[in-house]
Structure formats: structure tokens, C-alpha cells
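Keep the viewer open while you read.

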Amino acid sequence: MRHLTIVDTTLRDGEQTAGVVFSNQEKLRIARLLDELGVHQIEAGVAVMGGDEKQAISDIVKLGLKASIMGWNRAVISDIEASLACGVDAVAISISTSDIHIEHKLMTTRDDVLERMVKATTFAKREGMYISVNAEDASRSDMDYLVEFAKEAKKAGANRLRYCDTVGILDPFKTYENIKTLIEKTGIDVEMHTHDDFGMATANALAGVKAGATHVGVTVNGLGERAGNAALEEVVMALKYLLKTDLSFATERFVEVSEYVARASGRMLPPWKSIVGSNMFAHESGIHADGALKDPRTYEAFRPEDVGLERQIVIGKHSGTASIKAKFLLEYGKEMKDEEAVEMLSRVRALAVDMKRSLFDKELVYIYEDMLKQHK
Ligand code: MN
């Protein structure tokens, strides 16, 4: 099995989400949790911002984690000097490679971009850093230019190229083609950095891996600019279950970490969130609940304990008699007769429609007691 490196940027790209700020204490806790999960490299922040940001990066370095600690930089020597001062072992050196960015944001030329990148990379190399050269907006860059950029980066000492789908406009088919071409023509290690504007961040990251990318950039809960990044928990679980590449992460702690980051970022997890949402193992519809009760594999792609969740049989409008009977037996040790279950079901449905939601356990008990009373 080929080695894949997971690079988490919750503390950098994740915090760049509009409206999100982590306290330094939260950053330290998140870094520790990421390390315990098995993340290989943590992008800890942008040192040149100074103040708390710089302090947090230094403090994370001092934790002495197993993970490599990377600082993010523009292709500017003073940025890299600020990262070095924090004691990081790796730097990301970022500059745009698309014409739209070069002309309308940097207001310069392709040659100047190459020159700045080479200068910054050469400097970082002399300082003994592990280097990721980030091609910002790589997905909208001219491929011939990107190949030249990657070759120059490698020559200057870059260890890998971060291929950024900065505005999230790739699809998995295009991603596969682009990454394959890039690797064939340059031989450089590639990190996927994908955004979720069209809901394809995780799929594109996996397509990149299939095409030969060796590194995947992620954030917890997919936190990040606009629609966010590829989610750590999605990428790791998809690698394990769909691509059969088990990175030996402590996946049973995913829910704990997701919930911590959700609270710290003030961005609550939707119940339907892939992998860690509270609905992942909640079954209401009669057919599904019946199947899941007989054998969970009928309606679950992996086990709830794999990520730290629990299976739930939800009783509501779409329930069937099998779930009602199972619920009473499993949770109250009460064996319910078939005709009782049928009557319960019609009462449950009426109330669920009335309330426009599924029912709480307490409500179920009331309905049941009411029913018994009326039959006396
Ligand atoms: Mn990004």
C-alpha cells in the first residue's frame, strides 16, 4: 500500500472561514486532537500576522507532537522568516498560477510569479525546511505553465506541490486527468487541496489520490473558505472503505473531534453531515429500520462505533410495526403484541403528522399508556 499523508489545515484555511476565530487555547487543543487522530501534518497558521497567531504557532510547535507542523506563507521572504521564528519544521509557500489571479490580483506576469516562487523556495531550502509550494488557483491555470512552475519548484528544493482547486470548480473526472498529467510531466509529489463550492471537495481529493497524489489537505467538518474544504473525516473514511487504504487513524474519535471543532468554530454540525452527523445511524422508515434491526449492514455503510456514533431507531411518521415492537423490547423490555403495535402505529403517525416531527421516547410511553387505559 502506498503511503498517503494527511495534511490538516483546520487552523489555517478552516479559521479563514468568514466569521470564525479560534482562541489560542482552542488551537492548542485542536492541534493535540488532530495529532491523536493520526494526522501527519498540521498547517498551524500564518506567522507573519504576528500577535496571537504567531504565539499559537510557537506554542503548537512546543507541544512536541508526532505531526509535522507547517506554517503558511506568501512567496515572500519576511513571511517565511516569521514562520521560521516559530520553530516550524515545514513551510507552505503560496502564490497564484492562474492568469486570472496573476493579471487581476497580483497584477504581474507569469515570469515574475516563477521568480518570486523560486526565490522564496530557495531561501526556505537553505533554512532546512520541508517545503510545499502551493499553486493557488492551480485548477484554473494553464497546464503548460503549471508544469513549468512545478518543475522550477522541484529544482529550487520543493518537496511537493499543493494543487489548489481554490474556487472549487473541478469535478472528479477533470481532477483525475489534470493530476495524472501533472505527475507524469513533472514527477513531483502532489497534495490535493480542494474546495466544496459544487459539493465535490472530497470526491475531487479522492480522484487526485487515484491519479497519484500522495498528500491530501483537509479540515475537520470541511470548515474553510466559502463552502469549505474536503473534510478530514470524509477523506479518511472514504480512503479506508472505498479505496481500501487504511491510514490507521483513531476514527472512533471523529465525532468527539468534530463536535469540539463545531463548538470552537460556532459552526454547528448539520444532522445529515456525512460520516459524523447525528442522523448517520438514525433509522425511521419502516423498511430501513426493519432491515437495520435484522442486520445493520443492510442499511449502514460502516459501523456507528467506527466513528463514535450510536445506532438509533427513531419512531415517527415513517415507522413500521417492527420498529415499534423492537423499540419497546430493546429499551423497555416490553413484549408488544402485533395488534397493539398496529394500533400504536396509527396513533404515532397521527401525532407525528400533527407535530411535524418524530416522537420523543416519553411521548411514545404516553401513547402506549393511553392506549392501555382505553382498552380497560
Ligand atoms: Mn483553501
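Predicted model: local features only at pLDDT ≥ 70, side-chain atom pairs only at ≥ 80, totals over all residues.

Residues are numbered from 1 along each chain as its sequence is written, and side-chain values use heavy atoms, with hydrogens and water left out.

Let's start with the metal. The manganese ion is held by D13 (OD), H193 (NE2) and H195 (NE2), at 2.0 to 2.3 Å. Donors here are N, O and S atoms within 2.8 Å of the metal (3.2 Å for Na, K and Ca), and sites may look incomplete because water is not among the atoms. Along the chain, the donors are spaced as D-x179-H-x1-H. D13 sits in helix 1 (residues 10–14) and H195 in the loop between strand 7 (189–194) and helix 9 (201–210), so this pair ties together parts that are 182 residues apart in sequence. Helices (H or I, at least four residues) and strands (E, at least two) are DSSP runs, numbered from the N terminus.

Now the pockets, side by side:

| Pocket | Volume | Lining residues by class |
|---|---|---|
| Largest | About 390 Å³ | six nonpolar, seven polar, nine charged |

A pocket is an open set of points on a 1 Å grid over the protein atoms alone, where a 1.4 Å probe fits, with protein on both sides within 12 Å along at least five of seven lines; lining residues have an atom within 4 Å of a point. The volume is the space filled by probe spheres set on the points, which are joined across faces, edges and corners. Ala, Val, Leu, Ile, Met, Phe, Trp, Tyr, Cys and Pro count as nonpolar, Asp, Glu, Lys and Arg as charged, and the others, Gly among them, as polar.

Of the 22 residues lining the largest pocket, W72, S94, S96, K105 and E136 are the closest to its centre. Strand 4 gives the most to that lining, with three residues. In the second largest pocket, helix 9 gives the most, also three residues.

Finally, V113, in helix 6 (residues 110–126), is buried at a relative accessible area of 0%. Its contacts (heavy atoms within 4.5 Å) include I95, S96 and Y145.

Methods: Buried < 20%, exposed > 50% of the residue type's maximum accessible area, 1.4 Å probe, protein only. Lists of a residue's contacts leave out its neighbours within four places in sequence.
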